[in-house]
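Hello,

I am passing a structure on to you, and you will find it just below. Have a look at it first, and then read on for what turned up.

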Amino acid sequence: MKKAILKERSSHNIGASRPPVGVEVSGLSKNFGTQRVLKDISLTVKPGEIFTIMGPSGSGKSVLLRQIAGLDQPTRGTVRIEGLDPTDPDTRDRFALALVFQAGALFNSISVYDNLALYPLEHRLCPKNEIRDRVMRALKILSLENAVKKFPSELSGGMKKRVAIARALVMEPQLLLYDEPTSELDPIMSATITEIIATLKTEFNVTSIVVSHDRDLALTISDRVALLMRGELKALCTPTELRKVEDPAVKDFLNPTIDLKKPRYQQLEAS
Ligand SMILES: Nc1ncnc2c1ncn2[C@@H]1O[C@H](COP(=O)(O)OP(=O)(O)O)[C@@H](O)[C@H]1O
Ligand SMILES: [Mg+2]
């Protein structure tokens, strides 16, 4: 995989046109009705780093990613990408951002090629022949050339994830956001996707924000990790520092024990 990418990079220079961008989240809170999903989150993502947002299911990771992507307005606080508001349609074109959705969000009724080409064609991102080049390049980088004419229903879970990443690469992003890129994959495929994320960072010098509860991914490839619990930032540090955090909730999340004498399901809150 790495060799293929290196070869592609030297001949095509994909993604190298614009430098990676930094992200600043300040005092961000998000409520849905009376539910306080995110509580006063502040963090800075440096250009070019892999920043992983970890946390249990329902802790607010996807909601935070959507605010960063500009898909949703915070209740309080701000998100700035290179100083610009991602929800402002006038500034959105000033940086290239791409989001890899959790379920891939592929269109099932069109081919892999069309899934990649649709957005750039509709938004006239660049001339048609360049879109074709970009699509073929992205497919090659992710070893998907043989899938170009296939439909999403014909692909395995791992291939669908790779198609979703390839579609993001077509945007030549300066900021790449991934929502649970390894969920529902077997351990080998999860490791493959983890390697792809790390390789894309170094080869294309892109800022990557990864939402994941995959401990292996978070602790191996991240430059820094933010740990969200019940909408609050519990830790913001390097993977090495995270392993040393003494907070029992953090330790339990990273290394949960299975204790049949005191089962967790009997301690769940009624909701
Ligand atoms: N659009 C929405 N409307 C109402 N509640 C929402 C919405 N999106 C998310 N939530 C709630 O916010 C909480 C956090 O969700 P989410 O960010 O998806 O969690 P996760 O950490 O698993 O990604 C959940 O309780 C979810 O039900
Ligand atoms: Mg989620």
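**What turned up**

Helix 5 (residues 157–169) lies across strand 5 and strand 6 (175–179), and its direction makes an angle of about 170 degrees with that of strand 5. Please keep in mind that this is a predicted model.

Six strands form an open sheet in the order 5-6-7-3-8-9, and their pairing is mixed. Which strands stand at the edges? They are strand 5 (97–100) and strand 9 (232–237); each has a single partner strand, so one side of each is left without a neighbour in the sheet. On average, neighbouring strands of this sheet are turned by 15 degrees against each other, direction ignored.

Strand 3 pairs with strand 8 (residues 224–229) in the parallel sense, over four bridges.

Now please follow the chain to Ser59. This residue sits in the loop between strand 3 (50–54) and helix 2 (61–68). Is Ser59 buried or exposed? With 22 other C-beta atoms within 10 Å, Ser59 reaches the cut-off of 20 or more, and therefore counts as buried. Leaving out residues up to four places away in sequence, Ser59 touches Leu228, Met229, Arg230 and Gly231. Met229 is 170 residues away from Ser59 along the chain, yet 5.1 Å separates their C-alpha atoms.

Ser59 also belongs to the residues around ligand 1, together with Phe32, Val37, Gly55, Ser57, Gly58, Gly60, Lys61, Ser62 and Val63. Helix 2 supplies the largest share of this shell, three residues. Sorted by class, the shell has six polar, three nonpolar and one charged residues.

Last, the nonpolar core. How many residues does the largest one have? It has 64, and those with the most contacts inside it are Ile68, Ala138, Ala166, Ala168 and Leu177. Helix 5, where we started, gives the most to this core, with seven residues.

Enjoy exploring!

Best wishes

Terms used: Residues numbered from 1 in each chain as written. Chains lettered and ligands numbered in written order. Predicted model: local features only at pLDDT ≥ 70, side-chain atom pairs only at ≥ 80, totals over all residues. Helix = DSSP H or I, 4+ residues; strand = E, 2+ residues; numbered from the N terminus. Buried ≥ 20, exposed ≤ 12 C-beta atoms within 10 Å, placed from the backbone. Contact = placed C-beta atoms within 7 Å. Pairing = 2+ DSSP bridges. Axes fitted to C-alpha atoms, helices over the stretch in contact; angles between N-to-C directions. Near = placed C-beta within 6 Å. Nonpolar A, V, L, I, M, F, W, Y, C, P; charged D, E, K, R; others polar. Core = buried A, V, L, I, M, F, W, Y, C linked by C-beta atoms within 7 Å.
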